[in-house]
Amino acid sequence: MAVDTPTYLANCQALVDTRLKQLLPERLDSSLYQAMRYSLFNGGKRIRPALCYATAELFEPATSEATHRSACAVELIHAYSLIHDDLPAMDNDDLRRGKPTCHIVFGEATAILAGDGLQALAFEVLGGHSDDQVPAAISLQLVRLLASAAGPAGMVGGQALDLDAVDRQLDLAALQAMHNAKTGALINASIRMGALAAGATDQTDLNALARFSAAIGLAFQVQDDILDVESSTDALGKRQGADQALNKPTYTSLLGLAGAKARLAELHDCATAALEHFGARATRLTDLGNFIVSRNH
Ligand code: GRG
């Protein structure tokens with residue numbers, strides 16, 4: 001019987017965490033390892049691994065090694081991005097997932113290295129195995145896809161646009177371009193890597209997934225902006241109103257709360273419509289889309 005979305009997320013978390021704990025063993029003699037583990041195992045929702053697994057499930061009856069490795073790699077990149085995003089030189093946040101941020105606990109230098117270390121491990125996971133587990137050609141494509149999503153044309157480039165936008169007004173197109181890169185690229189990669197790892201090749205399938213991921217990646221950010229206004233520090237586990245405090249342009253500052261909610265509904269409809277191509281096979285992905293637009297933290 002199909003499980004509900006919170007249970008599915010918990011199952012994905014168990015799968016990736018078991019592997020990540022093997023990759024990153026506890027080393028009490030190393031503040032670097034402690035900082036990496038602190039940030040990786042402190043309660044993330046594991047939405048990106050779940051998107052990767054749910055996409056792969058469309059195409060493979062049993063989860064392949066390539067899919068497991070892809071799910072771990074996207075979470076490692078996500079964990080690194082949050083550590084660096086919280087640094088004083090960036091958003092200067094002291095609270096994440098209800099706990100002090102990595103640099104508050106371990107100091108700035110170790111937090112920078114912990115982020116660097118997690119990023120390197122993501123590529124080690126994708127590349128470090130024998131050919132009989134994952135064909136080398138697939139590994140190479142997964143590495144390329146993730147590197148491009150995480151790099152200057154993706155997440156890092158989006159973060160640079162985000163930093164440039166402080167105290168400036170962006171129009172909707174510029175805000176959307178920033179979020180497509182900063183948040184959307186890694187969500188998109190999670191979905192594309194799930195498809196690639198599971199051997200999907202049909203172009204109409206890939207096009208439908210591209211439409212879904214473009215819409216849900218942006219919806220994820222719109223919901224984040226809405227929560228930054230409507231939710232509380234306790235519920236979010238990070239400072240509520242942080243974007244407003246930094247005077248950053250957001251969907252709510254540009255469109256108002258009602259306008260942002262209307263945009264969220266449009267994007268959600270688009271995402272759901274894209275999955276109709278797969279019929280009932282895509283119920284899990286549809287449910288994850290529903291979860292992303294209605295999450296409360
Ligand atoms: C510093 C290179 C670099 C990049 C940072 C993704 C990012 C770019 C910054 C994160 C800032 C942020 C809060 C963006 C909003 C969207 C987002 C990534 C929210 C957090 O993702 P969740 O909700 O987090 O999946 P959990 O805690 O569940 O893992």
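Modeller: Happy to! In this predicted model, α4 supplies the largest share of the shell around the ligand, with six residues. You will find α4 at residues 65-86. Three other helices, α8 (155-164), α9 (172-197) and α10 (203-230), also supply at least two residues each to that shell. Altogether 20 residues surround the ligand, and the closest of them are Lys45, Arg48, His78, Asp85 and Arg97. Sorted by class, the shell holds eight charged, seven polar and five nonpolar residues.

Now zoom in on the side chains that reach the ligand. Arginine 48 places a polar side-chain atom 2.7 Å from an oxygen atom of the ligand. In histidine 78, an N or O atom of the side chain is 2.7 Å from a ligand oxygen. Arginine 97 also has a polar side-chain atom 2.7 Å from an oxygen atom of the ligand. As for cover, the ligand on its own has 700 Å² of accessible area, and the protein covers 93% of it.

You can find aspartate 167 in the loop between α8 and α9.

Let us step back to the space itself. Rolling a probe the size of a water molecule over the atoms shows where empty space is left. The ligand takes up the space of the largest pocket, which holds about 1000 Å³. This pocket is lined by 47 residues, and those closest to its centre are His78, Leu82, Asp85, Arg96 and Lys238. The elements giving two or more residues to the lining are α3 (47-57), α4, β1 (95-96), α8, α9, α10 and α12 (242-245). Here too α4 gives the largest share, with eight residues. By class, the lining of the largest pocket divides into 21 charged, 14 nonpolar and 12 polar residues.

Next comes the second largest pocket, with a space of about 210 Å³. Its lining includes Gln141, Leu145 and Arg192. Also in the lining are Ala195, Leu196, Ala200, Gln203, Leu206, Asn207, Leu209 and Ala210. Two or more lining residues come from each of α7 (136-150), α9 and α10. In this pocket α10 gives the most, with five residues. The classes here are seven nonpolar, three polar and one charged.

A search of the whole structure finds one cavity of 30 Å³ or more. The largest cavity has a volume of about 90 Å³. It is lined by 13 residues, of which Ser39, Asn42, Ile83, Asp86 and Arg96 are the closest to its centre. Arg96 is also one of the residues closest to the centre of the largest pocket. The elements that contribute two or more residues to the cavity lining are α2 (31-40), α4 and β2 (99-100). The largest share, four residues, comes from α4. By class, the cavity lining holds six nonpolar, four charged and three polar residues.

Conventions. Residues numbered from 1 in each chain as written. Predicted model: local features only at pLDDT ≥ 70, side-chain atom pairs only at ≥ 80, totals over all residues. Heavy atoms only, no water. Near = heavy atom within 4 Å. Polar contact = N/O pair within 3.5 Å; in protein donor to acceptor, adjacent residues only side chain to side chain. Areas by Shrake-Rupley, 256 points an atom, 1.4 Å probe, with all protein chains shown as cover. 1 Å grid on protein atoms, 1.4 Å probe; cavity = no way out; pocket = protein on both sides within 12 Å on 5 of 7 lines; lining within 4 Å. Sits in = over half its atoms within 2 Å of the grid points. Nonpolar A, V, L, I, M, F, W, Y, C, P; charged D, E, K, R; others polar. Points joined across faces, edges and corners; volume = space filled by probe spheres on them.
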